[in-house]
Amino acid sequence: MKNQLLIFFLLMLLTSACNSKPDDAAGDSFSNRDLKLTSDRMTPEVLWSFGRLGNMAVSPDQTTIVYTVTYSNIDENRNYTDIYTVAVKGGDASRVTRTNQNESQVGWRPDGLKITYLSKESGDLQLWEMNADGSEARQVSNVKGGISGYLYAPDMKHIAYSKTVKLDDTPNDIYPDLPKANARIENDLMYRHWDSWSDYTYSHIFVAAYQPEGSFDTGVDIMSGERFHSPMKPFGGMEQVAWTNDGQQLAYTCKKLVGRAAAFSTNSDIYLYHLTDNTTTNLTQGMPGYDMNPVFSPDGSRMAFESMARDGYEADKNRLMILDLESGKITDMTTSFDHNVSHPVWDVSGNFIWFSSNVEATEQIYLLNLATGSIDKTTSGTHNMSVVHHTGEALIATRTSMSSPSEIYRIDLREGQSVNLSNINGPVLDQLTMGKVEKRWVTTTDQKQMLVWVIYPPHFDAHKKYPALLYCQGGPQSDLNQFWSTRWNFQMMAANDYIVVAPNRRGLPGFGTEWNEQISGDYGGQNMQDYLTAIDALAKEPFVDEDRLGAVGASYGGFSVYWLAGNHQKRFKTFIAHCGIFNLDMMYTTTEEMFFVDWDLKGPYWDKPGKTYDYSPHRFVDKWDTPIMVIHGGNDFRIPYTQGMAAYNAAKIRNIPARFLFFPEESHWVLTPQNGILWQREFFKWLDTWLK
């Protein structure tokens, strides 16, 4: 799901940890760069005071970057987003908007004369343009019901945009004499997805004629009558759509399946719509896995895209493919690169492609030489570098670490130096002391080397003994790299005087396909031994109190916590599971994306697929003997909240100290400021009770 990019200022924080003075007039947007802290340790309120970088775009003349920043107003329990610009060569950033409209999806018009963005200034979300200094803002689209994304054709004669169209009848449509009836009538799967129920509408791509200084109110639905989504739900955006260089054809990503077929398949394709005759061609026909995110070469002869080989396997290796548009030949450019590829960007010459990849638990930028097929690592360091743009002799990318939220950096290709251009959070970070982040290699039970992140408290004293937390990553195949989170923030845990142990167990990307795929069908197997190996190794350190160990995690990490609760041989003194899987039988028939559980669990439980379901945590409740906190969101449709209720109830029935923290309006994540702060307070209240 693409988060809306929002900007805000904290009028006052909810505790005495910090205080600030608004630098905007009442009723306008908010910023928080002048926040003054009273302590050098992170608190939940400080964590939610950081500015959050949204999307960015480099101007066509490669001189200016436009981007959005979001701040949270805790008192109002909402976010605010504004637009900023900064020169590629560096200097102070300029704030372009100061509104409460939460501008999003910023970009540049192809001629570079206007900044483009989405805003609800006129009611619905519409496309707007303005000068680079923020003057002469003008609404461009007037589409009924609003739009959700846009993309200018290179020749500026057309605009593609996405909006929802209603194609299915509601119960009230079927029975018009019952206008106040509130019910759903379902006849197939995929009736809800991630955090929302199907609303009988579909996201479609439209194409409208465009003229500078003009406007448009309608367009041609290039998917007319099709009960499919483009961009694809729940997380797809306009990166799944691309114009050809001549502006006469539009490529878009779509999984043209519905109901049960859509629930069990990951088979999306890239389609090419021809404006001249309104026909559509499937460019990736016969490729069974995910195919998405097309990017055309500078000369228009080739199309790069991301692809997975196998249908139904959402964590398959993400490959970089090149389609020759004349011959139709598709070539996998990453056969010798045993890692995932994301955000491919063509070099201006068309001879190279830049992309990001997570290798050994940091995301870095790589360069593919199309002539030789060689792939070289361009950046390094204990941080993530991604979303690359090439500008002459420099790259523009985002940089994130466990100790700093995302910022925009310029990377000099000749000297290798990097410069923070946006500096969104420097003034606040300068007032904080962060804990040391250490990379360790630990030998597993099957004699392999596993990378473990260890995060130390600020002002660490090696002569003291600290409680330690085993962090269990979710996914189960999602990156445990240098990410920053407002929930699972390792520096937040360290600031509360915990040693954090975060192992890159079996099933996590960045260590080759074999390591990543081992976990499927083996949920209670080797990856659980990897967890125990990591915490056992750290428990031997003189500064770790082996009698004060806890385990925490979300999603698959929550599953891990529930499983460990019945299989830990009294290592841990407490557990916290957020949105975790408690009962695998129940998970198979209550989740929405069936391809995930069908692949990982090797089929439904009634077909007796082997040992997989024997790993279900609910089968080990008779061995539970340790205090546990359960957290879940009411709108979590990936792992429905009844999983959390079942785990909590089981603990209470067995007279085990337990707490249930339930967020009726949150989903798999916790996204609103006050709920996020409450989450942190309850998280540490529980840990401190049992580990301190």
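The largest cavity holds about 40 Å³ of space, a cavity being a set of points on a 1 Å grid over the protein atoms alone where a 1.4 Å probe fits but cannot get out; the volume is the space filled by probe spheres set on the points, which are joined across faces, edges and corners. The structure is a predicted model, in which local features need pLDDT of at least 70 and side-chain atom pairs count only at pLDDT 80 or more, whereas totals for chains, interfaces and linings use all residues. Residues are numbered from 1 along each chain as its sequence is written, and side-chain values use heavy atoms, with hydrogens and water left out.

One cavity of 30 Å³ or more is counted. The lining of the largest cavity (residues with an atom within 4 Å of a point) consists of Arg 41, Met 42, Thr 433, Met 434, Gly 435, Pro 458, Gln 491, Ala 494 and Ala 495. By class, this lining comprises five nonpolar, three polar and one charged residue, where Ala, Val, Leu, Ile, Met, Phe, Trp, Tyr, Cys and Pro count as nonpolar, Asp, Glu, Lys and Arg as charged, and the others, Gly among them, as polar.

The second largest pocket (an open set with protein on both sides within 12 Å along at least five of seven lines) contains about 290 Å³ of space. Its lining comprises 17 residues, with Arg 33, Tyr 84, Ala 93, Ser 422 and Asn 423 nearest the centre. Seven of the lining residues are nonpolar, five polar and five charged. Strand 4 and strand 6 each contribute at least two residues to this lining, and strand 4 gives the most, with three; strands are DSSP runs (E, at least two residues) numbered from the N terminus.

Both strands belong to an open antiparallel sheet of four strands in the order 3-4-5-6, pairing being assigned if DSSP finds at least two bridges between two strands. Strand 3 is joined to strand 4 (residues 64-73) by five bridges in an antiparallel arrangement, and Met 56 stands opposite Tyr 67 in strand 4.

Helix 7 (residues 526-539) and helix 8 (residues 556-565) have axes that come within 11 Å and cross at roughly 75 degrees. Helices are DSSP runs (H or I, at least four residues); axes are lines fitted to C-alpha atoms over the stretch in contact, with angles from 0 to 180 degrees between N-to-C directions. The two helices are therefore roughly perpendicular to each other (65 to 115 degrees). Contact, meaning heavy atoms within 4.5 Å, involves Asn 527, Met 528, Tyr 531 and Leu 532 of helix 7 and Tyr 556, Phe 559, Ser 560, Trp 563 and Leu 564 of helix 8. These contact residues divide into seven nonpolar, two polar and no charged.

Notes: Parallel < 35°, antiparallel > 145°, perpendicular 65-115°, else oblique.
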